[in-house]
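Thank you all for coming.

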Amino acid sequence: MKSVVATSASDDAAPRVHPRTALFGADETAPALPVCDHYAGVEVRMRKSLEMQGQLGPVFDVTLDAEDGAPVGGELDHIALINELINSPQNLHGRVGARLQAVDHPAFEAMADLLVQGAGQRVAYIMLPKPRGLADLERGVAAIDDAARRHGITRAIPVHALVETHGALREVQALAAHPRIESLSFGLMDFVSEHRGAIPQSGMSVKGQFEHPLVVRAKLEIAAACHGWGKTPSHCVVTEFKHRAALEDAATKACRQLGYTRMWSIHPDQILTIVEAFAPTVAEVDHAIEILLAAQVAQWAPIRHRHAGTDTLHDRASYRYFWHVLERAHRTSVSGGDQLPAEIRKAFFS
């Protein structure tokens, strides 16, 4: 441990206040969601995804897909399968959600009703695709809540939504502000298609989506809106699912440059790469532990901390940042490979 000097009197024997209690108030509302959201719509892949989640732990969510995954005309049968899987013993961690059709789809209300009736107590969240703005989101939430009332579901089921239309992007602040929204995702493919050829096909690629100004603008507006309203921004897919280096680069840019705290996976091979890219480095975790332990000893007063040969002042603003580093390390710790020392895990996360 590097040298630590507190600028105010500290007492090692004083009661240690947990960082959450010391640093955050009622305004800390952002949900601590897993950093990877894995989509599966075919039965064999849905079952495999639940099996992987059971092995790796809740470092990724599983979203069972009834939009692209449901056969035309078989939407309700697909919801019945999703209900079976959500309620199955394979759902060990309670981190399985479902994506419905868009609110203007003929089967939407029946799908929402059947999903809430069969899995309303256990579904982690319901994803609403293709809202054209706040009105569509409110329509979707109303259908979910009406179904919950009819079927005696007392919990408020978390809602996620995809920003993939011009209207949704125009109203992204209102979407993020909605009290039932937990996360907003960027729908790259549909967003590019909405531009009627004005964005070239390269804008959907793993490289082009970080270069085309209209695509980058959309990503930044979604991330900013989510952070402004305490919600989780979820980055779009990388379709080149066999190109691990490209996926790692994209996930790193999404996390480190664009402010996303979650990302979609569309193939099992993508899950661990995304989790690893969103995890803090060992050096970042060690630094955060040093700062927070010193701050705790100082009763969360400002401290002077020597790091890499330089004295730096830290106070509650930087303490909050370092606490988020530790929380992200905890959320990205795969079963059997925890990033955090046992004593830190016990002190802060048991």
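This is a predicted model: local features need pLDDT of at least 70, side-chain atom pairs count only at pLDDT 80 or more; totals for chains, interfaces and linings use all residues.

**The second largest pocket**

The second largest pocket holds about 560 Å³ of space, where a pocket is an open set of points on a 1 Å grid over the protein atoms alone, where a 1.4 Å probe fits, with protein on both sides within 12 Å along at least five of seven lines, and a volume is the space filled by probe spheres set on the points, which are joined across faces, edges and corners. Of the 28 residues in its lining, those closest to the centre are Tyr-39, Asp-65, Asp-68, Arg-99 and Ile-266, and a lining residue is one with an atom within 4 Å of a point. Two or more lining residues come from each of strand S2 (36–40), helix H2 (43–56) and helix H8 (188–193), with helices (H or I, at least four residues) and strands (E, at least two) taken as DSSP runs numbered from the N terminus.

Residues are numbered from 1 along each chain as its sequence is written, and side-chain values use heavy atoms, with hydrogens and water left out.

**Aromatic rings**

How many aromatic pairs does a search of the whole structure find? The search finds six, a pair being rings of Phe, Tyr or Trp (its six-membered ring) with centres within 6.5 Å, stacked if the planes are under 30 degrees apart, edge-to-face if over 60 and tilted otherwise. One of them joins Tyr-321 and Phe-322, edge-to-face at 5.1 Å centre to centre with 75° between the planes. Trp-323 and Phe-348 are also edge-to-face, at 5.6 Å and 85°, and because Trp-323 lies in helix H13 (residues 316–331) and Phe-348 in helix H14 (residues 342–349), this pair ties together parts that are 25 residues apart in sequence. Trp-323 is buried at 1% relative accessibility, and Phe-348 is buried at 4%, where buried means under 20% relative accessible area, exposed over 50% and partly exposed in between (1.4 Å probe, protein chains only).

**Glu-67**

Finally, Glu-67 sits in the loop between strand S3 (60–65) and helix H3 (75–86), and it is buried, with a relative accessible area of 8%. Leaving aside residues up to four places away in sequence, Glu-67 touches Arg-99, Leu-100, Gln-101, Pro-129 and Lys-130, contact meaning heavy atoms within 4.5 Å.
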